[in-house]
Amino acid sequence: MAGLFARGATATPETVRAQCAAIVHRGPDDEGVFADGDFAFGMRRLSIVDLAGGHQPFFSPDGRLALVFNGEIYNFPALRAELAAAGRVFHSSGDTEVILAGYERWGDGVWTRLDGMFAVAVWDRTVRRLTLARDPVGIKPLYYTDQPAGFAFGSELKTLTLLPGFSFDTDERALLDYFRFGHVRSPRSIHRQVLTLPPGHVLTVGAGEAPAIRAYWTPRYAPAAPVSDGEWVDRFRTRWLDTVAEQMVADVEVGAFLSGGVDSSAVVAAMMRVSDRPVRTFTIGFPDPRIDESGPAAAIAAALGTRHTTRTLELAAARDLLPVVAAAYDEPFADPSMVPTWYVSRVAAGEVKVALSGDGGDELFFGYKRHATERRIGRLPAPLRHAARAIGAIPPLPSRHLNAVIQRWTKTAASAGLPDGVARFFAKTQISAAGFRARVFDPGFLARAGGGDGEIARLCAEYFSDPAAISADTLEQFGLCDLALNLPGAMLTKVDRASMAHSLEVRVPMLGQPMIDLALSMPVHMKLDGRVGKRVVREAIAPWLPPGILHRRKQGFQMPLSAWFAGDFGHYAEELWRDSGARDEGIWQAAAVDRVFADHRAGKRDYSRFLYALAVYCLWRLRRAS
């Protein structure tokens with residue numbers, strides 16, 4: 001969706017059609033545009049539910065309100081029944097009209113009633129006010145800009161940057177965030193003039209008004225009354241089956257991504273239990289057995305009886321795909337798994353219009369290795385945590401493997417002396433260390449962008465100034481940061497752009513509101529048990545899967561970056577570094593970056609995450625200049 005509130009000037013349908021044309025991949029089935037003087041908005045539709053009657057914009061019976069939205073509402077039948085009992089007459093069978101009817105009845109109270117993924121725009125023609133709302137955890141994106149030329153919004157950045165009369169400059173703080181974390185942190189975008197509406201927030205703007213933003217939902221731990229571990233497993237299993245069944249509702253075929261890991265296995269196993277026919281599943285494999293999970297995925301598919309498709313992604317093909325994949329994100333985005341995610345989305349889109357994914361399980365149920373690390377560090381006495389930082393003084397060794405191990409230890413040790421789970425979250429999720437950034441960036445750039453001494457404290461103050469208000473448990477502090485920041489900024493952004501590039505809707509049942517509420521009420525030991533995360537998920541789905549599947553080591557959906565940059569791809573990235581103009585733009589200590597390429601090839605340190613981010617950034621610069 002996209003729109004323009006020119007606030008005094010004319011907003012033409014042609015302008016909004018151009019915005020929508022830029023995101024035709026998000027909705028190739030239908031287009032709708034509405035213009036009302038100085039306001040116009042529209043959308044591109046991917047028809048999933050109510051194929052004939054779901055055209056947007058949708059209007060209230062009196063014509064006062066108009067609505068467009070991107071996403072799906074899973075509990076709309078229950079809301080529809082409630083509204084119908086109160087006297088509302090419906091003229092369609094989908095979720096769009098239900099959102100609008102709910103907004104008429106409950107105002108902004110409707111957003112907390114919706115279980116789904118959504119970015120919604122409501123235009124009130126009488127008072128000439130726009131309302132924007134985004135789902136609680138940020139599954140669907142929503143960008144906006146407020147400039148002298150007007151207020152504009154859209155599902156992707158490209159809907160804004162094409163607008164005449166608007167300016168877009170690089171935000172240096174956002175750029176630093178990108179090289180710290182691999183993505184730009186909300187609410188910023190790579191452009192100084194563009195922000196993202198944070199998850200769980202609503203924005204209103206009228207003629208002559210500055211945008212007003214408030215949170216309608218904030219993630220909080222809400223411990224439930226004590227029950228047995230078995231009861232927690234039963235609650236998870238019951239709620240999980242209900243959630244998956246609800247998210248399978250569609251007027252088109254629904255498939256699933258199957259990686260062979262716990263979460264995707266949980267999705268597919270539940271789908272097969274609630275479906276009356278075999279589910280289509282899709283897996284991407286790699287030639288390198290160290291990162292290939294296609295074998296276990298195929299075994300799970302065979303045991304469950306799915307209609308399974310596997311495609312192998314050659315590393316040379318992945319390298320060649322990188323410019324195309326990176327272009328789908330509109331701004332620098334350096335998650336290494338974006339290439340295989342883009343590829344599996346392309347494969348799935350050839351067969352289905354909707355796929356379920358297991359994303360969100362690691363964040364909700366403490367499935368990452370960093371969660372187990374935080375549990376161990378958080379329980380160490382402060383003197384030991386501070387002493388651990390001495391590991392960082394170990395010099396490079398002759399062995400590439402040993403240097404990589406020492407580098408991982410150094411990162412963990414560097415975070416150990418920090419005071420709480422929030423601070424350690426920011427330290428652990430960085431893709432480059434502060435000392436390294438001081439070597440490769442110009443000091444003036446770092447000072448302007450908020451880097452250097454005290455940057456972890458500044459990040460904590462900006463996002464979670466009172467960790468104790470989150471929880472007394474540092475692991476829960478850490479986990480809430482993962483849920484509120486990394487999940488929407490990294491994982492959900494990756495999946496949304498990669499899937500929508502192929503007109504594929506990906507639903508994430510782990511992030512259904514009933515599952516979120518359950519996770520936030522659950523005791524820590526049901527999530528992380530020793531070094532094993534997602535305990536409750538594993539125990540709930542164990543009866544549905546072959547023995548041994550749930551005990552495999554977590555591999556993730558990663559590319560072999562270190563080997564890539566030690567070989568031909570490293571030379572390609574160096575060419576990008578020079579040809580894009582990045583080397584000469586004045587924010588770098590260029591000779592130091594040149595040494596990073598050389599040191600990585602020599603095996604002195606593994607700089608592949610930084611080099612990957614640099615390559616993607618250079619591709620972005622080249623696209624922007626073209």
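Colleague: Let me start with a strand: which residue stands opposite H201 in strand 12?

Modeller: H201 faces A215 there. Before we go on, this is a predicted model, where local features need pLDDT of at least 70 and side-chain atom pairs count only at pLDDT 80 or more, while totals for chains, interfaces and linings use all residues. Residues are numbered from 1 along each chain as its sequence is written, and side-chain values use heavy atoms, with hydrogens and water left out.

Colleague: Thanks. How do strand 11 and strand 12 pair?

Modeller: Strand 11 (residues 201-206) runs antiparallel to strand 12 (residues 212-215), with four bridges between them. Strands are DSSP runs of E with at least two residues, helices are runs of H or I with at least four, and both are numbered from the N terminus. Two strands pair if DSSP finds at least two bridges between them.

Colleague: And what lies between strand 11 and strand 12?

Modeller: Five residues, which makes the two strands a hairpin. In the turn, G208 has a positive phi of about 75°.

Colleague: Which sheet do they belong to, and in what order do its strands come?

Modeller: An open sheet of six strands, ordered 4-5-6-7-11-12, with antiparallel pairing. Strand 4 (58-59) and strand 12 are at the edges with a single partner strand each, so one side of each has no neighbour in the sheet. Elsewhere in that order, strand 6 (residues 116-124) and strand 7 (residues 129-134) run antiparallel and are joined by six bridges.

Colleague: What is G138 in contact with, leaving aside neighbours within four places in sequence?

Modeller: P199, P488 and L492, where contact means heavy atoms within 4.5 Å. G138 and L492 are 354 residues apart in sequence, yet their C-alpha atoms are 7.3 Å apart in space.

Colleague: Changing topic: how many aromatic pairs does a search of the whole structure find?

Modeller: It finds 32. Rings of Phe, Tyr and Trp (its six-membered ring) pair if their centres lie within 6.5 Å; planes under 30 degrees apart count as stacked, over 60 as edge-to-face and the rest as tilted. In one of the pairs, F179 and F441, the ring centres are 5.6 Å apart and the planes are at 70°, so this pair is edge-to-face.

Colleague: Where do F179 and F441 sit in the chain?

Modeller: F179 is in helix 5 (residues 172-181), and F441 is in the loop between helix 16 (434-440) and helix 17 (443-449). The pair links distant parts of the chain, 262 residues apart. F179 is buried at 0% relative accessibility, and F441 is buried too, at 1%. Both belong to one aromatic cluster, whose members include W577, Y607 and W620.

Colleague: What about charges over rings? Which ring does R185 sit over?

Modeller: The ring of F181, with the charged end of R185 4.0 Å from its centre. To count, NZ of Lys or CZ of Arg must be within 6 Å of the ring centre and within 35 degrees of the ring normal. R88 also lies over a ring face, that of F90, at 5.8 Å from the centre.

Colleague: Last one: how many residues of helix 21 are buried?

Modeller: Seven of the nine in helix 21 (residues 513-521), so the helix is largely enclosed by the rest of the structure. Its cover includes helix 6 (229-247), helix 11 (361-365) and helix 20 (474-500).

Conventions. Buried < 20%, exposed > 50% of the residue type's maximum accessible area, 1.4 Å probe, protein only.
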